[in-house]
Amino acid sequence: MRATYKTLFVFYVLISNVFVNAFEPISTTFLVGLGVAAVGRKFYNYVYESCDSKWIYFNSTGLEVALDQKLFGQHVASRVVQKAVTGFINNKNPKKPLVLSLHGWTGTGKNFVSQLIAENIYKEGMASSFVHQFVSTAHFPHLNQIEDYKSQLQQWVKGNVTNCPRSMFIFDEMDKMHPGLIDCIKPYLEYYEHLDGVSYRQSIFIFLSNAGGEHITQVALDFWKAGRDREEMKLLDLEPALSLSVFNNKQSGLWHTSLIDKNLVDFFVPFLPLEYRHVLLCGMAEMSAKGLKPDRDVVDQMARELVYFPKSERIFSSKGCKTIGGKLDYYT
Ligand SMILES: *[C@@H]1O[C@H](CO)[C@@H](O)[C@H](O)[C@H]1NC(C)=O
Ligand SMILES: *[C@@H]1O[C@H](CO)[C@@H](O)[C@H](O)[C@H]1NC(C)=O
């Protein structure tokens, strides 16, 4: 027994000496090299935006607070967006990318909500290299170049998701987008696990359009006329008007596609027309944002001069909170 231990011990010393002598210099250099590389990588990640949890993390509370305090008059949209985004990001194994379709009159906050979502997922917000915004009339203006746009858009989506699975794509003026162009992004919205080796299931697609705006407004107007509180309005009250208008409105790009038939859109989010009191809130917030002391008189004066509809009742601001930034400059 003892002999065996001894042999083993000698053998061990021998072996470890061989290892230490033979490999020590190499392994030290190697380890130091690794260390430098790691520090370098850390530094790089620190300075340059990377597709990792340092730069991309969802702040659920942050989104909730932002929607609650910065978005005015959109209690339905607020709730749907919070629920949709939180549910999607907390789902470790989503079966498809998140697809939101935001509908409503101009100036009601659709772009703003996209921005709030981006700000609470990406450290760099809208400036993140993982957030991509396309405006139909600006990016895809010429009908005769539609084939080029299609291949370009597909390459972009694929390239960007390959770089970073948690990418976000915002398509503005969806109702002015060529149906062929919508069709070409459809495969990415589907339930595929992989498409040519790329998985799109972590991505977020947001479509913005005015489609359905009139119908949403009608529901809001009916509520107002019935003397009901606007805050009583539920998604359920707005959904029928929304899907009907989207289906029936040939102007709307969505009509031409099977986005809806195939249930590729997870949530249709209605944005209500804004009233005078909401414009006031926007105005006060805008003044703070500009570093001015919010002045109720100034904001009041500005808000009173906006156009409201329907003509007789003058309830809803025809441009919502859009352009009030510029208008305030004039009044202050
Ligand atoms: C999340 O958002 C809240 C509210 O805006 C903020 O107080 C908090 O610091 C944020 N958390 C992180 C980790 O950024
Ligand atoms: C990502 O999308 C942008 C457009 O937002 C495009 O310019 C860029 O080339 C795309 N990147 C890749 C790798 O395809």
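Visitor: How much space lies in the largest pocket?
Guide: This is a predicted model, so take what follows as computed from it. The largest pocket holds about 750 Å³ of space.

Visitor: Which residues are closest to its centre?
Guide: G107, G109, N111, F112 and C321. They belong to a lining of 30 residues.

Visitor: Which elements give two or more residues to that lining?
Guide: Five entries here. α2 (60-70), α4 (110-119), β4 (204-209), α10 (276-289) and α12 (324-331).

Visitor: And how do the lining residues divide into nonpolar, polar and charged?
Guide: The largest pocket has 11 nonpolar, 11 polar and eight charged residues in its lining.

Visitor: Which domains does the lining of the largest pocket draw on?
Guide: Domain 2 (60-270) and domain 3 (276-331) each supply at least three residues.

Visitor: Which element gives the most to it?
Guide: α3, with four residues. Helix α3 covers 75-90, and α2 and α10 also supply at least two residues each.

Visitor: Ligands now. Which residues are around ligand 1?
Guide: Y57, N59 and G62. N59 also makes a polar approach: a polar side-chain atom of N59 sits 2.4 Å from an oxygen atom of ligand 1.

Visitor: How much of ligand 1 does the protein cover?
Guide: On its own, ligand 1 has 360 Å² of accessible area, and the protein covers 36% of that.

Visitor: Which residues are around ligand 2?
Guide: H132, Q155, W156, G159, N160 and N163. Helix α6 (residues 146-163) provides the largest share of that shell, five residues.

Visitor: Where do the polar side chains come in?
Guide: At two residues, H132 and N160. A polar side-chain atom of H132 is 3.1 Å from an oxygen atom of ligand 2. For N160, a polar side-chain atom lies 2.3 Å from an oxygen atom of ligand 2.

Visitor: What share of ligand 2 does the protein bury?
Guide: 57% of the 360 Å² that ligand 2 exposes when taken alone.

Visitor: How does the shell around ligand 2 divide by residue type?
Guide: One nonpolar, five polar and no charged residues.

Visitor: Switching to the backbone. Which residues does a cis peptide bond join?
Guide: F309 and P310. Omega there is about -10°.

Visitor: Where is the place of P310?
Guide: P310 is in the loop between β6 (308-309) and β7 (316-317).

Visitor: One more. Which residue has a positive phi although it is not a glycine?
Guide: D196, with phi of about 50°. D196 lies in the loop between α7 (179-189) and β4.

Methods: Residues are numbered from 1 along each chain as its sequence is written. Chains are lettered from A and ligands numbered from 1 in the order in which they are written. This is a predicted model: local features need pLDDT of at least 70, side-chain atom pairs count only at pLDDT 80 or more; totals for chains, interfaces and linings use all residues. Side-chain values use heavy atoms; hydrogens and water are left out. On a 1 Å grid over the protein atoms alone, a cavity is a set of points where a 1.4 Å probe fits but cannot get out, and a pocket is an open set with protein on both sides within 12 Å along at least five of seven lines; lining residues have an atom within 4 Å of a point. Grid points are joined across faces, edges and corners, and a volume is the space filled by probe spheres set on the points. Ala, Val, Leu, Ile, Met, Phe, Trp, Tyr, Cys and Pro count as nonpolar, Asp, Glu, Lys and Arg as charged, and the others, Gly among them, as polar. Domain bounds come from an automatic or database domain assignment. A residue is near a molecule or strand if one of its heavy atoms lies within 4 Å of it. A polar contact is a pair of N or O atoms within 3.5 Å; within protein, one must be able to donate a hydrogen and the other to accept it, and residues adjacent in sequence count only if both atoms are side-chain atoms. Accessible areas come from the Shrake-Rupley method with a 1.4 Å probe; for residues, only the protein chains shown count as cover.
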